[in-house]
Amino acid sequence: MDCRRCGTPLERPGDYCLVCDTANCDAVVVVFERDRAELTMLDGEDVVGRTTVTTLPEDDPEAEVVELRNFAGQVADDIRRKRPETVFAAGDRDVLREARAQLHHEFYRIAGDDPVERVLERRGDRSLEVVDTPPREKLGGSHSTLIGGRDGRRAIGVVADHPHVKKIVPGPIDAGGTGSRTGLRAKVTRADDNGNVRLLLRDGSSVQENRIVTTAMDRETGEFVRDDLNDALKEAELQE
């Protein structure tokens, strides 16, 4: 592929041209699998190039951590070469999450069923916008008490730190249950029609339902946020 402005040959499709300081794509769509990532470069509504990054997953758990980080790093490096305005991603959540952590671009989740076509259809629509509000400023509502003590605050912090969460509204505490488990457990429920979810905190016989306002616009995109939040809670050992 050659630069669209000066005609200089580009090393990879969609690369930013350093000769004439010109971007050759404005968005990258990445479809992650555990052993490969397919990158599609877009300029407006046109596909200007495609490339693939592959890896060989390790069997040893310790080696797999390094391999996964390096694989995600290769994908992130390829995206940086393009200098896109926006990155859309679908597929394997582990690789996606690691790659997102290594990038500073606008990064949106997109449905895994023909993601390139979905992006082309919805380029002008509101997608999963990233919220820049500090996590501590996302907590609001008339109820300020959280169950679970330090773990309850930690669960709220995990949720508030998510880039697609706009606001958390703590609910009243129901202490009339019969649960006998010790230790706090957290779970994010299915998204509603507006893409918002609820965080259920359970501590012994006490239950608290907290409303989570997200940047999702419908149930489908809200489910992506829910999956991410439950993954994060599981990593924080707040969920079985």
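Colleague: Which side chain meets that of Arg 81 in a salt bridge?

Modeller: A salt bridge is a side-chain nitrogen of Lys or Arg within 4 Å of a carboxyl oxygen of Asp or Glu. This is a predicted model, so local features need pLDDT of at least 70 and side-chain atom pairs count only at pLDDT 80 or more, while totals for chains, interfaces and linings use all residues. Residues are numbered from 1 along each chain as its sequence is written, and side-chain values use heavy atoms, with hydrogens and water left out. At 3.4 Å, N to O, the partner of Arg 81 is Glu 11.

Colleague: How far apart in sequence are the parts that Arg 81 and Glu 11 tie together?

Modeller: Helices (H or I, at least four residues) and strands (E, at least two) are DSSP runs, numbered from the N terminus. Arg 81 lies in helix α1 and Glu 11 in the segment before β1, so the pair ties together parts whose separation in sequence is 70 residues.

Colleague: Which residue forms a salt bridge with Asp 231?

Modeller: The closest N and O atoms of this pair are 3.5 Å apart. Asp 231 lies in helix α5 and its partner in helix α2 (residues 93-101), so parts 134 residues apart in sequence are tied together by Asp 231 and Arg 97.

Colleague: Is Asp 231 buried or exposed?

Modeller: Buried means under 20% relative accessible area, exposed over 50%, and partly exposed in between (1.4 Å probe, protein chains only). Arg 97, at 21% relative accessibility, counts as partly exposed. Asp 231 has a relative accessible area of 16%, so the class is buried.

Colleague: How many salt bridges does the structure hold?

Modeller: A network of salt bridges links Arg 93, Asp 94, Arg 97, Arg 190, Glu 223, Arg 226, Asp 227, Asp 231 and Glu 235. For the structure, the number of salt bridges is 23.

Colleague: What is the phi of Asp 21, approximately?

Modeller: Asp 21 is found in the segment before β1 (27-32) and is exposed, with a relative accessible area of 53%. Although Asp 21 is not a glycine, its phi is positive, at about 60 degrees.
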